[in-house]
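The report that follows describes a single predicted model.

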Amino acid sequence: MLLSIVLCLSLITGCDIDNVFQDDNKETRKLIAFDTVIDITLYDVEGGEVFDVLKYWIDRYENKFSTTIETSEISLLNNNSGTFQEVSPETFNLINRAVSAYDMTGGAFDIAVYPIVKAWGFTTDEYRIPSEEELRRLLMFTDSRKIQFKPEDSSVRLLTGMQIDLGGIAKGYIASKLYEKAKEKGVKSGLISLGGNVQAIGSKPDGSSWHIGIQHPDYENDYIGVLSINDEAAITSGGYQRFFERDGKRYHHIIDPSTGAPSDSDVISATVITKDGAMGDALSTAFYVMGSEKAMEFLEDNPQFKAVILTKDNKVLVSEKLKDSFELGERFFLSDLYYI
Ligand code: AMP
Ligand code: MG
């Protein structure tokens, strides 16, 4: 059991920690897309065909949403800022949702930070620290509200010089879509993990909930806690997922759109539990940027979202609604736990 947990954690951020469950009808596949390991586990299906369908959709979305694939629809927009470009309804809708997330989070979630993400070297792994002057110049293009939409012909226009990146929302969106496709194919039980995002399909074959460990950002083999979920996604953002170090200082991949620098709020890990993968993904990124106080205000105003947030001073903030489905990790005391 312990070995299974350790193995599980070392492979992916979140997974079913009771992975010892043996079942002849279990099929798993691992593939790489969006620069991430995707693990799919399905129970009680003739695996082959369903996996082919899911693979088809993963490829399709990657080819539409990727910033690095030159022929993607996002590249089309990024290379032709200033003019309207026709995109598929899926891309149109996802950009639209990303802009709603900007509005809902007071600009903490902003897909137009892409030029800044590039300036720090996160797209090429050739890391550098941009000057304040460079960041100031790039910040002039980061305002998702300036993206224009023409629903009549499904076209989108970026402000001249603007570039966007769906990296903070696409995985959650795709997890929800894969969930729908699997359900359509009759899958009743399974788990899809895309990087920090885990999407549960139904419950375990024996009817019990999936147990998803939320990785501790500072201790790879420890949990903040364990969630019990069915038919929902648990989506985590944290600076530990991608970063570089210079002169003893750590620079991570989540940018505060108000400064252009890696965000430095009191939140060190944010998980959103929801059926709405796209919004959950955008919100977990946003909570990381907003800090705990604003995140708690947001959750109070939008009780349809549930969250687990770890702060720098070791507080674990957990939505009241998760009271019966969250178990605190061993590294914490009950006095660290606050229901919000
Ligand atoms: P996530 O792992 O979902 O938190 O998303 C992080 C990724 O989203 C980064 O690797 C960037 O590509 C992009 N990103 C960084 N900062 C932001 C931000 N403030 N709003 C939206 N996307 C961001
Ligand atoms: Mg996100």
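**The magnesium site**

The magnesium ion (ligand 2) is held at 2.0 to 2.4 Å by Gly168 (O), by Asp281 through both O and OD, and by Thr285 (OG1). Along the sequence, these donor residues follow the spacing G-x112-D-x3-T. Gly168 sits in the loop between β5 (155-157) and α7 (170-184), while Asp281 belongs to helix α8 (residues 277-290), and this pair, 113 residues apart, therefore links distant parts of the chain. Both Gly168 and Asp281 are buried.

**Helix α7**

The buried residues of α7 are Ala170, Gly172, Tyr173, Ile174, Ala175, Ser176, Leu178, Tyr179, Lys181 and Ala182. After α7 comes Gly186, with a positive phi near 90°.

**Strands and sheets**

Strands β3, β5 and β4 form an open sheet in that order, with antiparallel pairing. At the edges are β3 (84-86) and β4 (148-150), each of which pairs on one side only, and the twist from one strand to the next averages 25°. Between β3 and β5 the antiparallel pairing runs over three bridges, and Gln85 stands opposite Val156 in β5. Helix α4 (residues 89-104) packs on this sheet, where it touches β4 and β5, and the direction of α4 makes about 140° with that of β4.

A further antiparallel pairing joins β8 and strand β9 (residues 223-229) over six bridges, with His211 opposite Ser228 in β9. Is strand β8 (residues 210-215) enclosed by the rest of the structure or exposed, and why? Five of the six residues of β8 are buried, so the strand is largely enclosed by the rest of the structure.

**Salt bridges**

| Pair | Distance (N to O) |
|---|---|
| Lys30 and Asp39 | 2.9 Å |
| Arg145 and Asp143 | 3.3 Å |
| Lys306 and Glu232 | 2.9 Å |

The surroundings of these partners can be described residue by residue. Asp39, the partner of Lys30, is buried, with a relative accessible area of 15%. In the pair of Arg145 and Asp143, Arg145 counts as exposed because its relative accessibility is 52%, over the cut-off of 50%, whereas Asp143, at 13%, counts as buried, being under 20%.

Lys306 and Glu232 form a salt bridge whose closest N and O atoms are 2.9 Å apart. This pair links distant parts of the chain, with Lys306 in strand β14 (residues 306-311) and Glu232 in the loop between β9 and β10 (233-237), 74 residues apart. Lys306 is buried, with a relative accessible area of 15%, and Glu232, at 15% relative accessibility, also counts as buried. Salt bridges that share partners also join Asp35, Asp125 and Arg242 into one network.

**Backbone geometry in two loops**

Asp35, a member of that network, lies in the loop between β1 (26-33) and β2. Although Asp35 is not a glycine, it has a positive phi of about 65°, and Asp35 is exposed, with a relative accessible area of 63%. Asp247 likewise is not a glycine and has a positive phi, here about 45°. Asp247 is placed in the loop between β11 (243-246) and β12 (249-252), and its relative accessible area of 83% makes Asp247 exposed.

**A contact across the sequence**

Tyr43 is found in strand β2 (residues 36-43) and is buried, with a relative accessible area of 4%.

Definitions and conventions
Residues numbered from 1 in each chain as written. Chains lettered and ligands numbered in written order. Predicted model: local features only at pLDDT ≥ 70, side-chain atom pairs only at ≥ 80, totals over all residues. Heavy atoms only, no water. Donors = N, O, S within 2.8 Å, 3.2 Å for Na, K, Ca; no water. Helix = DSSP H or I, 4+ residues; strand = E, 2+ residues; numbered from the N terminus. Buried < 20%, exposed > 50% of the residue type's maximum accessible area, 1.4 Å probe, protein only. Pairing = 2+ DSSP bridges. Axes fitted to C-alpha atoms, helices over the stretch in contact; angles between N-to-C directions. Contact = heavy atoms within 4.5 Å. Salt bridge = Lys/Arg side-chain N within 4 Å of Asp/Glu carboxyl O.
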